[in-house]
Amino acid sequence: MNAHEIDYQIFGEEMQYVEIELDPQEAVIAEAGSFMMMDQGIQMETVFGDGSGKDEGFFGKLMGAGKRVLTGESLFMTLFYNNIPGKKKVSFASPYPGKIIPIDLDRFNGKFICQKDAFLCAAKGVSVGIEFSKRFGRGFFGGEGFIMQKLEGNGMAFVHAGGTTAVKELAAGEKLRVDTGCIIGFDATVDYNIEFVGGIKNTLFGGEGMVFATLTGPGTVYIQSLPFSRLASRVFAAAPQGGGKDKGEGSILGGLGNLLDGDNRF
């Protein structure tokens, strides 16, 4: 199925949202919970499966929904379509600080691999499936497990990432070593594997885990500076534990420092 041709504009710096303009009868699919706002006249429909609109019958839709569950997503997706004359707009927001990245699947020969929670929305006709790793090492140590998301089709898709985004163009045979959590996605031509850090001191005391991800070209790789898992772990570490008090943001005065700087909570 040919994907709908949608126009878009991305707004914001640290907490971005994407505004998609729909011509009559055009539609966009999105993950549950990403919706921000829409013009009057746009209809919203919850659909079973990957939302691509392929005529694949009940069992095909059931398989698509099952694949989404394996990636940790909902069984359902939300379809937004414009069924009245005139252009209408619908917007979707990034779930945490970072960037929204437009992916033109035509540029990636119809297939883009991304981490399992990166997908935000796409033109109707784009298929959101899963990509299994055939390598035991990558599945066991790779951070993303055996399963990543794959976006297939010939339309626009949008993924989100934490912090600042780096884009690397790898030549044939060129390798890039990356923290496993910092990968956003990559071209289907890129080979993804894992590599052990090496050395007892590095493994036990280096603070970077046991493995790197190795990405080998040719192809394009997208990297994020602040994975959500890293952000969440820092917030959790700084939060009061077991009903205790917070850490005072590193101040040697602790709670007394809060009184002096105007934070008078008790």
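Reader: Which residues of β13 sit on one side and which on the other, and are they buried or exposed?
Author: Keep in mind that this is a predicted model. M156, F158, H160 and G162 are on one side of β13, A157, V159 and A161 are on the other, and all of them are buried.
Reader: OK, which way do β8 and β13 pair, and over how many bridges?
Author: Antiparallel, over seven bridges. I101 has V159 in β13 as its bridge partner. β10 (residues 119-123) also pairs with β13 in the antiparallel sense, over three bridges, and there C121 is partnered by F158.
Reader: Switching to charges: where do E5, D7, D104 and D106 gather?
Author: In a patch of negative charge on the surface. D104 belongs to strand β8, and it counts as partly exposed because its relative accessibility is 33%.
Reader: What's phi at Q25 and at N109?
Author: Q25 has a positive phi near 75°, and N109 has a positive one near 55°. Most residues other than glycine have a negative phi.
Reader: Where's N109, and is it buried or exposed?
Author: N109 lies in the loop between β8 and β9, and it counts as exposed because its relative accessibility is 69%. Q25 is in the loop between β2 and β3 and counts as exposed too, at 56%.

Key
Residues are numbered from 1 along each chain as its sequence is written. This is a predicted model: local features need pLDDT of at least 70, side-chain atom pairs count only at pLDDT 80 or more; totals for chains, interfaces and linings use all residues. Side-chain values use heavy atoms; hydrogens and water are left out. Patches are made of residues with over 30% relative accessible area and no salt bridge: like charges are joined within 9 Å, nonpolar side chains (Val, Leu, Ile, Met, Phe, Trp, Tyr) within 5 Å. Accessible areas come from the Shrake-Rupley method with a 1.4 Å probe; for residues, only the protein chains shown count as cover. A salt bridge is a side-chain nitrogen of Lys or Arg within 4 Å of a carboxyl oxygen of Asp or Glu. Lys and Arg count as positive and Asp and Glu as negative; His and the chain ends are not counted. The place of a charge is taken as NZ of Lys, CZ of Arg, CG of Asp or CD of Glu. Helices (H or I, at least four residues) and strands (E, at least two) are DSSP runs, numbered from the N terminus. Buried means under 20% relative accessible area, exposed over 50%, partly exposed in between (1.4 Å probe, protein chains only). Two strands pair if DSSP finds at least two bridges between them.
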